[in-house]
Amino acid sequence: MSSTWFESVAEAQRRARRRLPKSVYSALLAGSEAGVSYRDNTAAFDELGFAPHVAGLSPKRDQQTTVLGQPISLPVVISPTGVQAVHPDGEVAVARAAAARGTAMGLSSFASKPIEDVIAANPQTFFQMYWMGTRDWMIRWMEHARQAGAVGLIVTLDWSFSHSRDWGSPWIPERLDLKTMVKLAPQGVSRPAWLLQYLRTGRLPDLSVPNLAEPGQQAPVFFGAYGEWMQTPPPSWEDIAWLRQQWDGPFMLKGVSRVDDARRARDAGVSAISVSNHGGNNLDSTPAPIRALAAVVDAVGTDVEVLMDGGIRRGGDVVKALALGARAVMIGRAYLWGLAAGGQAGVENVLDVLRNGIDSALLSLGHSSIHELTPDDVLVPDGFPRTLGAAPAR
Ligand SMILES: Cc1cc2nc3c(=O)[nH]c(=O)nc-3n(C[C@H](O)[C@H](O)[C@H](O)COP(=O)(O)O)c2cc1C
């Protein structure tokens with residue numbers, strides 16, 4: 001076994017903290033305001049229990065399923081994140097790892113690598129975008145993603161531009177010019193392994209977002225594109241139905257936590273939703289998605305694929321989410337920490353940790369497949385579930 005192997009996501013996080021400059025690590029940790037949602041996302045999983053069997057267990061356990069029409073070998077998909085400055089290979093390393101482990105990849109429109117490079121590494125790539133800019137721009141980005149070969153679209157709607165945290169936000173420069181490099185130098189020098197990795201490639205993180213470039217133009221910088229997004233009036237449900245019509249393949253709405261919104265998303269024609277609070281980076285005090293999941297599944301689970309993301313750190317968490325009705329889960333920080341700790345191999349390691357944990361839980365619960373999981377497999381304490389925005393059933 002390689003000496004760089006790690007046994008848990010917690011260890012990947014420790015290594016990421018040691019390896020990354022403070023501001024980069026802190027940008028990955030994220031969370032918003034008091035961190036109530038950020039903490040609840042993981043704490044809620046700890047409240048759920050298992051009741052294991054000891055004999056009559058299944059010698060073989062199957063984890064295969066599909067998400068947005070894509071066959072995947074474990075019920076875990078890479079959630080879209082911008083990974084500027086974590087690793088020089090960025091999303092391409094993540095895509096290679098996901099492909100090597102047989103799963104799909106969500107690519108953020110704020111990602112640091114062009115979609116063509118990511119799809120070359122993993123053809124099972126979904127492009128993620130926000131409601132941002134003009135309708136013409138959005139059509140062009142979708143067309144670009146389609147031509148590049150994206151097999152699905154993820155539209156994320158839960159960002160509320162919350163920019164403060166009680167534990168402080170890192171300073172992130174608009175671009176890395178000489179002045180900012182001098183300012184950031186002490187952080188880089190204190191993390192020589194990270195710095196060396198970049199120096200070997202002959203360049204520093206450039207903080208640009210190539211997938212939001214206008215045809216024939218240079219890629220905009222992260223904050224330029226972000227400013228554009230902040231200026232965009234938020235969408236109506238009619239806008240979402242329009243957006244959905246522009247994409248003639250599988251379409252996920254990410255960030256839903258209310259039952260009434262889930263129904264509206266279904267009515268707008270989406271193929272899937274992810275119950276999510278953006279990893280707790282959004283409106284603080286939004287409950288953990290695992291608490292809101294069952295009510296959303298009850299409302300729309302037979303009409304659309306329901307996934308969840310937020311707080312997944314071990315295979316047991318995945319099994320709890322599936323038992324409560326999720327088709328699969330998406331992960332964010334877990335793979336970002338793996339990427340920081342070991343590049344492609346680190347992300348593969350994280351997926352292996354999750355796969356092994358899922359397998360152990362299935363074994364104990366006496367199942368031969370993830371498809372046999374039901375709510376009876378988890379002990380749900382009184383007061384655990386949250387039903388957000390319940391509207392009369394239609
Ligand atoms: C650093 C960071 C950047 C993110 N960027 C995006 C993004 O560009 N698009 C998006 O839809 N979600 C983004 N997310 C949210 C993730 O896709 C996902 O919902 C969240 O990380 C899940 O929670 P977890 O980190 O506890 O797994 C980001 C999350 C983090 C931590």
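A residue is called buried here if 20 or more other C-beta atoms lie within 10 Å of its own. The model is predicted, and in it strand S5 (residues 105-108) directs Met105 and Leu107 one way and Gly106 and Ser108 the other way, with all of them buried. In a regular strand the side chains alternate between the two faces of the sheet.

S5 runs parallel to strand S6 (residues 125-129), to which four bridges join it, and within this pairing Gly106 stands opposite Phe126 in S6.

## Helices H4 and H14

Helix H4 (residues 90-100) packs against helix H14 (residues 333-365) at an angle of about 20 degrees, their axes being 7 Å apart. Because angles under 35 degrees count as roughly parallel, H4 and H14 are roughly parallel to each other, and the crossing of H4 past H14 is left-handed.

On the H4 side the contact involves Ala93, Val94, Arg96, Ala97 and Ala100, which meet Tyr335, Leu339, Gly343, Gln344, Val347, Glu348 and Leu351 in H14. The residues of this contact of H4 with H14 comprise eight nonpolar, two polar and two charged.

## Helices H11 and H12

Helix H11 (residues 259-267) and helix H12 (residues 289-300) have axes that come within 9 Å and cross at roughly 40 degrees, and the crossing of H11 and H12 is right-handed.

Here Val259, Ala262, Arg263 and Arg266 in H11 meet Ala295, Val296, Ala299 and Val300 in H12; the residues of the contact of H11 with H12 divide into six nonpolar and two charged, with no polar ones.

Terms used: Residues numbered from 1 in each chain as written. Predicted model: local features only at pLDDT ≥ 70, side-chain atom pairs only at ≥ 80, totals over all residues. Axes fitted to C-alpha atoms, helices over the stretch in contact; angles between N-to-C directions. Helix = DSSP H or I, 4+ residues; strand = E, 2+ residues; numbered from the N terminus. Left-handed = near helix turned anticlockwise from the far one by under 90°. Contact = placed C-beta atoms within 7 Å. Nonpolar A, V, L, I, M, F, W, Y, C, P; charged D, E, K, R; others polar. Parallel < 35°, antiparallel > 145°, perpendicular 65-115°, else oblique. Buried ≥ 20, exposed ≤ 12 C-beta atoms within 10 Å, placed from the backbone. Pairing = 2+ DSSP bridges.
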